[in-house]
Amino acid sequence: MLLSDHEIRDRVRTGEVAIAPFDERRVQPASVDLLLDHYLRIPRQPGREIDVAQVWAGHTVLAEIDEGGWVLQPGDFVLASTVERIKLPDCLAARVEGKSSLGRLGLAVHVTAGFIDPGFAGQVTLEIANLSPWPIRLRRQMPIAQLCLIPMSAVPERPYGSADNHYQGQYGPTESRYEMR
């Protein structure tokens, strides 16, 4: 079950859910449109192997989308983040979904990590890939994704942020901190 437009607005108004900045005009029937921030992380040393048993820190480089935009060539992959900072209560999870109009251009907004745990706080990192045969120009502040809020059947015993979580409080696009456990 997803929260509807009026439920989203109500929970933001009461402070139960934080979305900042929040613009009621971006609330859709069952989601909120999120905007693309101005920083990206681009792969450093493309072609170098990444061993998941030990992901090397600094495998991406911080870049900035200027006023002219950022051209994502076919096959390119970047990390980006939303303008909005969100904070979820322990009773709500969320999904980040791509906008269908961008998907129809071949732009994948989250390659695989669209789930946000209850208790998460921070900016949402997006894994953006150009799957099309055309270069696609990304623009600062463009609507890039949709946030859907999902009520939990019960509050989890260990909400995100209550233990050693890799991305709690993240600011800007955050590279992988994967650890084999």
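Author: Let's start with a term: buried means under 20% relative accessible area, exposed means over 50%, and partly exposed is in between (1.4 Å probe, protein chains only). This is a predicted model, where local features need pLDDT of at least 70, side-chain atom pairs count only at pLDDT 80 or more, and totals for chains, interfaces and linings use all residues. Residues are numbered from 1 along each chain as its sequence is written, and side-chain values use heavy atoms, with hydrogens and water left out.

Reader: Okay, is Cys-91 buried, partly exposed or exposed?

Author: Cys-91 is partly exposed, at 27% relative accessible area. Cys-148, on the other hand, is buried at 11%.

Reader: How many disulfides does a search of the whole structure find?

Author: A disulfide is a pair of cysteine sulfur atoms within 2.5 Å. The search of the whole structure finds zero. For Cys-91, the nearest cysteine sulfur is that of Cys-148, 16 Å away.

Reader: And how do I read a nonpolar core? Which residues have the most contacts inside the largest one?

Author: In soluble globular proteins, nonpolar side chains tend to be buried together. A core here is a set of buried Ala, Val, Leu, Ile, Met, Phe, Trp, Tyr and Cys residues joined through side-chain atoms within 4.5 Å. The largest has 34 residues, and Ile-116, Ile-128, Ile-144 and Leu-147 have the most contacts inside it.

Reader: What lies over the face of Trp-56?

Author: A charge sits over a ring if NZ of Lys or CZ of Arg is within 6 Å of the ring centre and within 35 degrees of the ring normal. Here Arg-48 lies over the face of Trp-56, 3.7 Å from the ring centre.
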